[in-house]
Amino acid sequence: MKFGGTSMAGTERIRRVAGIVKRQQEAGHEVAVVVSAMAGETDRLVNFCREANALYDRAEYDVVVAAGEQVTSGLLALHLQALGCKARSWLGWQLPVRTDDAHAAARIEDIESDALLASMAAGEIAVIPGFQGMDHDGRVTTLGRGGSDTSAVAVAAAVQADRCDIYTDVDGVYTTDPRIVAKARKLKYVTYEEMLELASVGSKVLQTRSVSLAMKEGVRVQVLSSFIDESAPPADSIPGTMIVSDEELEGTDMERQLITGIAADKNEAKVTLTRVADRPGAVAAIFGPLAEANINVDMIIQNIAKDKGETDVTFTCPQADLARTQALLEERKDKIGYYRMIADSKVAKVSVVGVGMRSHAGVASTMFKALADRGINIQAISTSEIKVSVLIDSDEVELAVRVLHTAYGLDAA
């Protein structure tokens, strides 16, 4: 069971979570719980780091921001004990959750689960802080924003759990954000591939890496709401959204739609380098240093070379990494050989996702026409087998999502 920041925001909500956890144990399950920091707490801690040093040391940043989950894990264990449950917290270094040394974006390599399994078998509820681990030198690491989802799936895989329930502030995965489109519909099932694409392009329900890990390890994930009545039935019978393999859905009578969902991400920034030399190795000189700095680059556009043998290169990166990206590229300006760097943080990515795209033509053209009809300009495009994404002005995101939701026939009756 995993509970996010809104579920852990304050004493009353943590007490409610303890009640939900207790009911699962009373239903006969062995239970491990992964928790996030209280809502807003990680942002508060991150701001302390930025105030101390804008180009902070990521190892020390991890020490600071990992504290949020440590607090909630201890508090939930205390609340469970107050309800008469046997419970204890297991910090990242106590299991341990072993990771690589990419501070602030570490990847889990292994979880030693023997002691945890023994504790659970003895009837003890294990409470584990998400988002954190330990590198080979014994230093605290964190897994990147939203990393508690990844922690939960990794723990579920390590203990070979029957299911990993992710409790959030929504009661499942919807065709789009219900706060933007009132007619958005809850989906009963979503495949790993579809959820992976939705998560990667802005759906806030699950972190991308957690879905990727679930797909790799075959962990069945259920998305549920933690804001349920005290008398609600246990998660086994609550209709959340199950995220499963294609194989599990074969033979079901569920209606497969062309498009499963629409996601939007405002945390994007666009960078353009003008008059880059059109020669072998020029693009590698741009993106090599960014990769080494663990900065994820998404959409990449290279214009056709002009007569002078020069081209413009445009790409997107996370807004949080824009300053670091600019600093890296500025340092290497002479080596890369560009004329000017133009950055724009007022952009957003809107994506349509669905496995139905594999066997249907015209998905992209429907998107482009629907946006054009409403005067929404497309700045960049990227595609995959089951996804089409466009970059637009951030002020037009909500309009774009509503228009596309209707264009693909996703509105609830």
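**Exercise 1. Which strands does helix H6 (residues 147-158) lie across, and at about what angle does H6 run to S2?**

Before we start, a word on the model: it is predicted, so local features need pLDDT of at least 70 and side-chain atom pairs count only at pLDDT 80 or more, while totals for chains, interfaces and linings use all residues. Residues are numbered from 1 along each chain as its sequence is written, and side-chain values use heavy atoms, with hydrogens and water left out.

*Solution.* 
- Step 1: find the elements, which are DSSP runs numbered from the N terminus (helices are H or I, at least four residues; strands are E, at least two).
- Step 2: H6 lies across S1 (2-3), S2 (32-35), S6 (125-129), S9 (164-168) and S11 (221-225). Contact means heavy atoms within 4.5 Å.
- Step 3: H6 runs at about 165° to S2. Axes are lines fitted to C-alpha atoms, for helices over the stretch in contact, and angles run from 0 to 180 degrees between N-to-C directions.

**Exercise 2. Work out the order of the open sheet of 8 strands and find its edges.**

*Solution.* 
- Step 1: the order is S3-S6-S2-S1-S9-S11-S12-S10, with mixed pairing. Two strands pair if DSSP finds at least two bridges between them.
- Step 2: S3 (87-89) and S10 (189-191) stand at the edges; each has a single partner strand, so one side of each is left without a neighbour in the sheet.
- Step 3: S10 runs parallel to S12 (residues 241-244), joined by 3 bridges, and Tyr 189 has Met 242 in S12 as its bridge partner.

**Exercise 3. Describe how helices H2 and H3 meet.**

*Solution.* 
- Step 1: the axes of H2 (residues 41-52) and H3 (residues 58-65) come within 9 Å and cross at roughly 145°.
- Step 2: on the H2 side are Leu 45, Val 46 and Cys 49, which meet Tyr 61, Val 64 and Val 65 of H3.
- Step 3: by class, this contact has 6 nonpolar, no polar and no charged residues. Here Ala, Val, Leu, Ile, Met, Phe, Trp, Tyr, Cys and Pro count as nonpolar, Asp, Glu, Lys and Arg as charged, and the others, Gly among them, as polar.

**Exercise 4. Trace the partners of strand S16 (residues 340-353).**

*Solution.* 
- Step 1: S13 (residues 261-277) runs antiparallel to S16, with 11 bridges; Glu 268 stands opposite Val 347 in S16.
- Step 2: S18 (residues 387-393) is also antiparallel to S16, with 7 bridges; Val 350 has Val 390 in S18 as its bridge partner.
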